[in-house]
Amino acid sequence: MAVGSIVDYLASRGQDSSYKNRKKLAEQYGISGYTGSANQNTQLLNTLRSGSTTQQQPQAPTGGNNVTITPAGPSEKASPAQEYITGYKYNKYTPSNRVNDYADKLEDLENSKPGDFSSRYDEQIQNIINTIQNRPQFDQGQVFDSDLYKQYREQYIQQGNKAIQDHGYFRPRVQPVPQ
């Protein structure tokens, strides 16, 4: 079974997949400032799959004239270079308790899906399907031997003869002889 998200991975292992538990796991595996972002969830999923206990750091760009600006933490002061280049002091987003509560509620709703549907008519439906699938092979020869076919055949022959007589298709026409 392919597991595409950290929630699915934890659920497949029988572990709690709530935001609070993922945050604890992130701290255990060296992912600091866990907010539940897609990148952090992917990083946590890859770490859990590999069984690694080391913190994975993002790779710095190599070659070229690339400049990397690292946002300042909530307690850190932005560097003068950051403020000069962007004119903005970066602060990491820290979700409030209300946001975390809603994230937990959403997680609980996503994980509390109803079970598979079971109809009280399943047995009757299966019996009907089995009857249809296991019916005897159709034999065309039996059609001509049935009483119903014989009745219809006689009826159509009689109606055809009556129509021929009513419209005079077989009456000879008398043509006047030219003089």
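Is Thr47 buried or exposed, and what is its relative accessible area? Thr47 is buried, with a relative accessible area of 1%, where buried means under 20%, exposed over 50% and partly exposed in between, computed with a 1.4 Å probe on protein chains only. This is a predicted model, in which local features need pLDDT of at least 70 and side-chain atom pairs count only at pLDDT 80 or more, while totals for chains, interfaces and linings use all residues. Residues are numbered from 1 along each chain as its sequence is written, and side-chain values use heavy atoms, with hydrogens and water left out.

**Thr47 and helix α3**

- Thr47 is found in helix α3, residues 38–50, a helix being a DSSP run of H or I with at least four residues, numbered from the N terminus.
- Tyr29 stands 18 residues from Thr47 along the chain, and the C-alpha atoms of the two are separated by 7.5 Å.

- The structure holds three salt bridges, each being a side-chain nitrogen of Lys or Arg within 4 Å of a carboxyl oxygen of Asp or Glu.
- In one of them the side chains of Arg22 and Glu107 meet at 3.0 Å, N to O, and this pair links distant parts of the chain, with Arg22 in helix α2 and Glu107 in helix α5, 85 residues apart.
- Arg22 is buried, at a relative accessible area of 6%, and Glu107 is also buried, at 6%.
- Ser17, in the loop between α1 (6–12) and α2, is in contact with both of these residues as well as with Val7, Leu10 and Asn111, once its neighbours within four places in sequence are left aside; contact here means heavy atoms within 4.5 Å.
- Ser17 counts as buried because its relative accessible area is 4%.

**The second largest pocket**

- The second largest pocket has a volume of about 150 Å³, and of the 13 residues that line this pocket, the closest to its centre are Tyr19, Arg22, Thr35, Gly36 and Ala103.
- A pocket is an open set of points on a 1 Å grid over the protein atoms alone, where a 1.4 Å probe fits and protein lies on both sides within 12 Å along at least five of seven lines; lining residues have an atom within 4 Å of a point.
- The volume is the space filled by probe spheres set on the points, which are joined across faces, edges and corners.
- Helices α2 (19–28) and α5 (97–111) each supply at least two residues of the lining, and the largest share, six residues, comes from α5.
- By class, the lining has six nonpolar, four polar and three charged residues, with Ala, Val, Leu, Ile, Met, Phe, Trp, Tyr, Cys and Pro counted as nonpolar, Asp, Glu, Lys and Arg as charged, and the others, Gly among them, as polar.

- Tyr149 is partly exposed, at 30% relative accessibility.
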